[in-house]
Amino acid sequence: MTTAASPLSVQNLTVAYQKKPVLRDISFEIPEGKLIGIVGPNGAGKSTLIKAALGLIPRVTGEVTLYGRPYKEQRKLVGYVPQRESVDWDFPTSALDVVMMGRYGHLGWFKRPGAKEKELALACLEKVGMTDFADRQISQLSGGQQQRIFLARALAQDAQLYFMDEPFVGVDAATEKAIITLLNELKLQGKTVLVVHHDLSTVKEYFDWVMLLNVQLMALGPVDEVFTKDNLQRAYGGRLALLNRDDDAIIVSAR
């Protein structure tokens with residue numbers, strides 16, 4: 001299900017913690033069917049932007065709509081992969097049960113998942129290479145395996161718009177490759193994916209669009225147009241180290 005409205009429209013968004021603005025007067029719209037990296041220095045408000053869009057934290061000002069409506073009316077269209085450290089991995093549940101939780105929005109909270117949901121969840125586990133771990137307790141999985149389970153849960157939601165908060169942090173090379181393969185599959189299906197990302201050296205390889213954020217919106221658009229030294233310098237300031245000064249192949253790191 002898609003509409004003519006933007007997958008995500010943010011107008012005049014301000015968010016503050018203890019009266020200190022973390023996001024200030026942010027406005028943008030994103031196109032459908034793109035992989036969008038959200039980058040910026042620590043404390044730039046990247047995770048805050050996602051949480052504000054999903055109504056997980058209060059806004060001081062601003063309006064956020066998903067396909068033209070507030071999030072609470074569009075939950076079924078949205079998938080969310082939180083930061084791994086924000087999850088209670090000691091909760092006693094299996095990998096398969098976590099993935100089936102992705103179907104609750106379609107079933108309703110009072111209808112138990114059945115054979116159809118289990119079959120779909122197993123298919124999602126297969127896509128992330130975790131079929132053999134279906135009955136394993138999530139606390140017994142490695143960090144990369146846990147991340148794959150949450151990606152499988154997001155797949156099970158069969159959403160149109162995905163928010164992923166630092167999915168590549170703390171995973172091994174094989175998991176990172178599996179994640180980016182999955183993101184490209186979602187893109188081919190016409191899904192829209194926003195990813196909080198830290199590794200600036202892979203932005204051009206991984207994403208179609210990029211958002212540069214540092215409390216305010218510094219730039220947003222196609223990677224080839226927006227991911228420039230000037231824009232990066234504006235976003236990162238003195239914390240940016242240029243490792244390669246070739247304009248056509250910017251490789252940078254942030255301190």
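Guide: What follows is a short talk through the chain, one topic at a time.

Visitor: What kind of model is it, and how are residues numbered?
Guide: The model is predicted, so local features need pLDDT of at least 70 and side-chain atom pairs count only at pLDDT 80 or more, while totals for chains, interfaces and linings use all residues. Residues are numbered from 1 along each chain as its sequence is written, and side-chain values use heavy atoms, with hydrogens and water left out.

Visitor: How many helices and strands are in the chain?
Guide: Nine helices and 11 strands. Helices (H or I, at least four residues) and strands (E, at least two) are DSSP runs, numbered from the N terminus.

Visitor: What share of the residues counts as buried?
Guide: 52% of the 255 residues. Buried means under 20% relative accessible area and exposed over 50%, with partly exposed in between (1.4 Å probe, protein chains only).

Visitor: Which residues lie nearest the centre of the second largest pocket?
Guide: Asn42, Gly43, Ala44, Gly45 and Lys46, out of 15 lining residues. The elements giving two or more residues to that lining are β2 (20-30) and α1 (46-53). On a 1 Å grid over the protein atoms alone, a pocket is an open set of points where a 1.4 Å probe fits, with protein on both sides within 12 Å along at least five of seven lines; lining residues have an atom within 4 Å of a point.

Visitor: What is the lining of that pocket by class?
Guide: Five nonpolar, seven polar and three charged residues. Ala, Val, Leu, Ile, Met, Phe, Trp, Tyr, Cys and Pro count as nonpolar, Asp, Glu, Lys and Arg as charged, and the others, Gly among them, as polar.

Visitor: Back to helices. At what angle do α5 and α6 pack?
Guide: Helix α5 (residues 143-156) and helix α6 (residues 173-188) pack at about 10°, and their axes are 10 Å apart. That makes α5 roughly parallel to α6, a label for angles under 35 degrees. Axes are lines fitted to C-alpha atoms, for helices over the stretch in contact, and angles run from 0 to 180 degrees between N-to-C directions.

Visitor: Which residues meet there?
Guide: Gly144, Gln147, Arg148, Leu151 and Leu155 in α5 meet Ala174, Thr175, Ala178, Ile179, Leu182 and Leu186 in α6. Contact means heavy atoms within 4.5 Å. By class, this contact has seven nonpolar, three polar and one charged residues.

Visitor: Where is Trp209, and what does it touch?
Guide: Trp209 lies in strand β8 (residues 209-214) and is buried, at 17% relative accessible area. Not counting residues up to four places away in sequence, Trp209 touches Pro31, Lys34, Leu35, Ile36, Gly37, Leu220, Gly221, Pro222 and Val223. Lys34 is 175 residues from Trp209 in sequence, yet 6.9 Å away in space, C-alpha to C-alpha.

Visitor: Which way does phi go at Lys19, positive or negative?
Guide: Positive, about 70°, although Lys19 is not a glycine. Lys19 sits in the loop between β1 (8-17) and β2 and counts as exposed, at 84% relative accessibility.

Visitor: What about phi at Asp25?
Guide: Phi of Asp25 is also positive, about 50°, and Asp25 is not a glycine. Asp25 is found in strand β2.

Technical notes: Parallel < 35°, antiparallel > 145°, perpendicular 65-115°, else oblique.
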